[in-house]
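User: Hi! I have a new chain open and would like to talk through its fold with you. Can we take it piece by piece?

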Amino acid sequence: MTNINQYDFVISGGGLVGCTTALELSKKGFKCCLIEKNNIRETIKTNEFHPLSLNYRSIVLLKQFGIWENMTDAFYPITDLTIKSYNSLNRVTFSAEEISLNYLGCVVDRYKLLHTIRSLILKNESIIIYDESEINNIEEKNNLELHISNNKHIHTKHLIVSDGINSKLKESMSIKSKMIDYSQVSFIYNCQATFENNHALQLFNRYGVFAAIPYNKKSINLIMTIKKEYLKKFFQNDAIDLLLIKSIFNGFVSNIHSLNLISKYDLVTSRANEIYKNNILLLGNSSQLLHPVGAQGYNLSLRNLESLLNYCGTQNREISVNFKNLANSINKDRLSVFNNIDFATKIFINDKIPSKITSLIMITLLKTSSDLKNMFLKKILGIDKYSYLQIKGDT
Ligand SMILES: Cc1cc2nc3c(=O)[nH]c(=O)nc-3n(C[C@H](O)[C@H](O)[C@H](O)COP(=O)(O)OP(=O)(O)OC[C@H]3O[C@@H](n4cnc5c(N)ncnc54)[C@H](O)[C@@H]3O)c2cc1C
């Protein structure tokens, strides 16, 4: 027996992006159905801290969405960020105070945030959830007819594909992606150490990119993206060379101990060539996986979601939204993020002389011009296009 239901939006994939999208579209009055492959009530609970760095703009958005207030104390504000490149003279520190903000961003545990958003979804009776299910087939008629693995057929005006990096739907839509293999491996460690509270560090040296991001008074994440040719230098018989790690973070983080590896992955990223076809839009990891140099994946997705919400607000709700104009504006933001990442990975993670000189000039300019420094800071916080006073009012 089949059930036939009609929706404004079906969202395939109930990760951070899909859940936030379903929640917000439903609040705007759209009839939504969320389809998740796994059990949506079973979000991973661990004693580990899986860091997700949210920039200022993302926190403003999560506040607007009514999500942030449910995070209670499960976030750690970052007020200062030091960027250091190649030699210790070549560094610049950004401070929230300089642009009259309380913080630059916050670090949260990704599973706590996901659990919080999923709890809100489960309380929202207007969102229909099919978990432990997936879309097997899409037929394009007047609307989209979706055949789901739970034997249901549903109809929708629009489909949002947020089913992650290995998206089956993207594949079935024949959307190709540009793959980038950086020949680097990323390691995330939780550890105990002594450091300046609320101060994060990103440093570039010939081995790769290293970040230290605190998440409480005594605990800090060391995020190390190491070029494969140097892996042997860092690991012998699978044990990490703690002395080398200590020397890299020297001057910022001391007394490092109790390291716990929580994640390790080969740095192969992807960028979808197209993000929509007719009434189907890709959002989140299904459309791009980014190099961690800017910690931007979810931050970018939230801005893309904001564009979707604004766009849908201006359209006639009786007819299907044409995603073309929306996709153009989302693509502008994506391209600018891709360009920034390409620039940073070329200039900072490269020990060739021209790159060293460019990185030295960049950091010297940032240090000597407060206007340039503030512009750069607002860009990485995602607030360059928003009125400063409006943002201040949102704190
Ligand atoms: C180690 C690491 C650190 C990161 N740090 C940051 C950071 O500091 N700041 C930042 O902004 N971003 C960061 N990111 C990126 C960020 O995590 C992602 O942008 C974000 O999680 C993307 O979420 P998503 O919902 O698109 O995908 P996912 O989280 O992958 O969710 C996809 C969902 O779809 C479900 N699914 C899969 N297949 C199907 C199917 N066929 N049908 C139905 N459901 C399906 C999955 O079960 C899952 O629930 C980081 C990423 C990594 C890997």
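Predicted model: local features only at pLDDT ≥ 70, side-chain atom pairs only at ≥ 80, totals over all residues.

User: Good. Which residues of α3 are buried?

Analyst: Those are Leu-113, Leu-114, Thr-116, Ile-117, Arg-118 and Ile-121. They pack against the helix α1 and the strands β2 (32–36), β3, β7 and β8 (127–131).

User: How do α1 and α3 cross, left-handed or right-handed?

Analyst: The crossing is left-handed. The axes of α1 and α3 come within 10 Å, at an angle of roughly 30°.

User: And which side chains are at that contact?

Analyst: From α1 there are Leu-16, Cys-19, Thr-20, Ala-22 and Leu-23, while α3 brings Leu-113, Leu-114, Ile-117, Arg-118, Leu-120 and Ile-121. By type, the contact between α1 and α3 has 9 nonpolar residues, 1 polar and 1 charged.

User: You mentioned β3 and β7. What sheet does β3 belong to?

Analyst: An open sheet of 3 strands, ordered β3-β7-β4, with antiparallel pairing. Its edge strands are β3 and β4 (75–78), each pairing on one side only. From one strand to the next, the twist averages 25°.

User: How many bridges hold β3 to β7?

Analyst: There are 5 bridges between β3 and β7 (residues 105–109), and the two run antiparallel. As one example, Pro-51 has Asp-109 in β7 as its bridge partner.

User: Which helices sit on those strands?

Analyst: α2 packs on the sheet and touches β3 and β7, with its direction at about 90° to that of β3. α3 also lies across β3 and β7, running at about 85° to β7.

User: Switching topic: what about the sheet of 8 strands, what's its order?

Analyst: That open sheet goes β6-β5-β13-β14-β15-β12-β18-β21, and its pairing is mixed. At the edges are β6 (91–95) and β21, each of which pairs on one side only.

User: Let me zoom in on β12. Over how many bridges does it pair with β18?

Analyst: β12 (residues 177–195) and β18 (residues 253–272) pair over 14 bridges, in the antiparallel sense. Within that pairing, Ile-180 stands opposite Thr-269 of β18.

User: And how many with β15?

Analyst: 9 bridges there, and β12 and β15 (residues 219–227) are antiparallel too. Ile-188 has Ile-223 in β15 as its bridge partner.

User: Where does α6 lie?

Analyst: α6 (residues 242–249) lies across β13 (199–205), β14 (208–214), β15 and β18, and it runs at about 85° to β18.

User: OK, on to α7. What's the end-to-end distance there, and what should it be?

Analyst: α7 covers residues 297–313, and at 1.5 Å a residue its 17 residues should span 24 Å. Its end C-alpha atoms are 24 Å apart, which agrees.

User: What do the buried residues of α7 pack against?

Analyst: Their partners are α1 (16–27), β3 (51–55), α2 (56–64), β21 (288–289) and α8 (323–347). The buried residues of α7 include Gly-297, Tyr-298, Leu-300, Leu-305 and Leu-308.

User: What is Ile-148 in contact with, apart from its neighbours within four places in sequence?

Analyst: Ile-35, Tyr-130, Ser-133, Ile-135, Asn-136 and Ile-154. As for Asn-137, it is 11 residues from Ile-148 in sequence and 7.2 Å away in space, C-alpha to C-alpha.

User: Last one, for the whole chain: how many helices and strands, and what share of residues is buried?

Analyst: The protein chain comes to 11 helices and 21 strands. Of its 395 residues, 41% are buried. Among contacts with a separation of 6 or more, 71% are between residues 24 or more positions apart.

Conventions
Residues numbered from 1 in each chain as written. Helix = DSSP H or I, 4+ residues; strand = E, 2+ residues; numbered from the N terminus. Expected span 1.5 Å × (residues − 1). Buried ≥ 20, exposed ≤ 12 C-beta atoms within 10 Å, placed from the backbone. Contact = placed C-beta atoms within 7 Å. Axes fitted to C-alpha atoms, helices over the stretch in contact; angles between N-to-C directions. Left-handed = near helix turned anticlockwise from the far one by under 90°. Nonpolar A, V, L, I, M, F, W, Y, C, P; charged D, E, K, R; others polar. Pairing = 2+ DSSP bridges.
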